[in-house]
Amino acid sequence: MKKKLPHSQDSALARSSGGLIKRHIFPAGTLLFKEGDPRECAYLIDRGEVHITERTDRGAEKVLCILNEGEIFGEMALIDTTPRTASAITAEESEIFVMPRQALENRISGLDPIVSLLVSLLIERYSVTRKHLPESIKQGHIGDFILKVSRYENLPDDLLRLYDTAEKREVARQELKLEEELRAGLDRREFIPYLQPIITLPGLQLAGFEALIRWQHPEKGLVFPDQFIPVAERTNVVQDLDRMMLEQVCEILPVLLKKAGPDIFVSVNLSGINFETGDVVQTVAEILRKSKTNPHNIKFEITESALIGDPALAEDVLQGLKALGVSIALDDFGTGYSSLGYLHKFSIDTLKIDRSFVMQLHDNGNRGLDIIRAIVGLARNFKLEVVAEGIEKERDVVALNSLGCDFAQGYLFSKPLPLSDALTFIETPPSWT
Ligand code: C2E
Ligand code: CA
Ligand code: CA
């Protein structure tokens, strides 16, 4: 007798997912999708059992295969919207990850551009190969089956986006070129630090500088870090760039100290990627030793992302650095994960309040003011110093000073400067009032 299948879940799950992969618990006997449904989601079994079934000519359900923990099914939905050729039913209560097509697309676009291109190419070639099967195969039994599951003539827009590799190819090519240029630039020592003054509050004295990398590119001129740091981080070139910055800072430090006094510091940015390799402490120690740098003049700026991946390892690295005598600032504070609770777990000395908060200082009924007041209060609890970044207006300095910030940095005082201009700045500091 022909059994009537209940309403299947596939479309409803895809609609409710918001493009995310979600885990659901399905009671035994849940029809996840049935023959003839449009393909919407792929599935990964976390626990339980699923039967894939097909209706026979007589209308009975025949079990094609039995799937358990760790197995994926319905995956054609990720690249094809033609009707399902089988049904999937839970044989017992099962926990299953549901992956809608949109989730795959989101993941692919978030990948390293090279990996994204390769995955897209694989999908594209797979579909094209199947579309252009030779007639001899198409007419045979296997061809029948393949054609049944592959009709790519009328691909909907969301699938075409997955196949659109032309743009991805260009992005990947540019990235590979940039990586190569970065390595060549390192060999030719084209990277130099610009120095941006950091000023004490309320005294408005020079406290130190932040070293910000600039690429003196033979053709493009001065290139800013937002053009190359993200690629340098993805390709592990950033460790070499950061090392080169520290070496150069240590090299110019005696000149700066001679002009500005022995107590100023230079902040050096340290990408979180350095934390993954494990030898950053040794590298820093070596550079400080060779250059006879007093660690008391060096501060490292790290971002929260360096801390969250492996907090225990991050704290090891921080303690290693602190043991050398340098100090540590947490950069861009407030933009990342900023669970205030974790701060006390890490060996840091300074919080740098991100520019975005300073910019909002006087917006929205002074909400920015309240946020910074809260951050300063928190910093006081943990005995941390506070630097406010991105100060462009005089009234912001007044506000930040009244909130108790210890240092200020921003275009109001000075843009990042090449060494010669930084030395002039030390000799003849501009007046800000
Ligand atoms: P960051 O560490 O947050 O550096 C502050 C950025 O804000 C700098 O941009 C600085 O020029 C800019 N800035 C300072 N004051 C103001 C202001 O008043 N208004 C505005 N609109 N901007 C201001 P820059 O030099 O382009 O650096 C961008 C980012 O690149 C840095 O952000 C840092 O994340 C990264 N970076 C720079 N140098 C290095 C480096 O040597 N190593 C690593 N790993 N990253 C670096
Ligand atoms: Ca910084
Ligand atoms: Ca910053």
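A residue counts as partly exposed when its relative accessible area falls between the buried class, under 20%, and the exposed class, over 50%. At 29%, E247 is therefore partly exposed. The model discussed here is predicted.

E247 takes part in a salt bridge with R189, with the closest N and O atoms 3.9 Å apart. This pair meets the cut-off, because a salt bridge needs a side-chain nitrogen of Lys or Arg within 4 Å of a carboxyl oxygen of Asp or Glu. E247 belongs to helix α9 (residues 238-260), whereas R189 sits in the loop between α7 and β9 (191-200), so the contact ties together parts 58 residues apart in sequence. R189 is partly exposed, with a relative accessible area of 46%. The backbone of R189 also stands out: phi is near 50°, a positive value in a residue other than glycine.

The structure holds 23 salt bridges. Side chains of opposite charge can pair when their charged atoms come close. Another of these pairs joins E93 and R47, with an N to O distance of 3.1 Å. E93 lies in the loop between β7 (87-90) and β8 (94-100), and R47 lies in strand β3 (residues 41-47), so this bridge links parts that are 46 residues apart in sequence. E93 is partly exposed at 43% relative accessible area. R47 is partly exposed as well, at 31%. Both residues belong to a network in which salt bridges with shared partners join R23, D46, R47, E93 and E95.

A further salt bridge lies within one helix. The side chains of E179 and R183 meet at 2.9 Å, N to O. These residues are four apart in helix α7 (residues 165-187), a separation of about one helical turn. R183 is partly exposed, with a relative accessible area of 35%.

Strand pairing comes next. Strands of a sheet pair through backbone hydrogen bonds, either parallel or antiparallel. In this model, four strands form an open sheet in the order β2-β7-β4-β5, with antiparallel pairing. Its edges are β2 (31-33) and β5 (61-67), each of which pairs on one side only. From one strand to the next, the twist averages 30°.

The pairings can be followed along the sheet. β2 and β7 run antiparallel and are joined by two bridges. F33 has A88 in β7 as its bridge partner. Four bridges connect β4 with β7, again in antiparallel fashion. Here H51 is partnered by I89 in β7. Strand β4 (residues 50-55) is joined to β5 by six bridges, and these two strands also run antiparallel. E54 stands opposite K62 in β5. The hairpin of β4 and β5 has five residues between the strands, and G59 in this hairpin takes a positive phi near 90°.

A polar contact is found at S120. This residue is part of helix α3 (residues 113-131). S120 is buried, with a relative accessible area of 0%. Its side chain makes a polar contact of 3.4 Å with the side chain of K168.

Ligand 1 has 22 residues around it. Those that come nearest are R214, D242, D331, E392 and Y411. R214 places a side-chain N or O atom 2.8 Å from an oxygen atom of ligand 1. Y411 contributes through its backbone, with an N or O atom 2.8 Å from an oxygen atom of the ligand. R355 has a polar side-chain atom 3.1 Å from a nitrogen atom of ligand 1. On its own, ligand 1 has 800 Å² of accessible area, and the protein covers 83% of this.

Two further backbone features concern loops. The peptide bond from L201 to P202 is cis, with omega near 0°. P202 lies in the loop between β9 and β10 (206-217). K383 is not a glycine, yet has a positive phi of about 60°. K383 is found in the loop between α15 (367-381) and β16 (385-388). With a relative accessible area of 73%, K383 is exposed.

Technical notes. Residues are numbered from 1 along each chain as its sequence is written. Chains are lettered from A and ligands numbered from 1 in the order in which they are written. This is a predicted model: local features need pLDDT of at least 70, side-chain atom pairs count only at pLDDT 80 or more; totals for chains, interfaces and linings use all residues. Side-chain values use heavy atoms; hydrogens and water are left out. Buried means under 20% relative accessible area, exposed over 50%, partly exposed in between (1.4 Å probe, protein chains only). Two strands pair if DSSP finds at least two bridges between them. Axes are lines fitted to C-alpha atoms, for helices over the stretch in contact, and angles run from 0 to 180 degrees between N-to-C directions. A polar contact is a pair of N or O atoms within 3.5 Å; within protein, one must be able to donate a hydrogen and the other to accept it, and residues adjacent in sequence count only if both atoms are side-chain atoms. A residue is near a molecule or strand if one of its heavy atoms lies within 4 Å of it. Accessible areas come from the Shrake-Rupley method with a 1.4 Å probe; for residues, only the protein chains shown count as cover.
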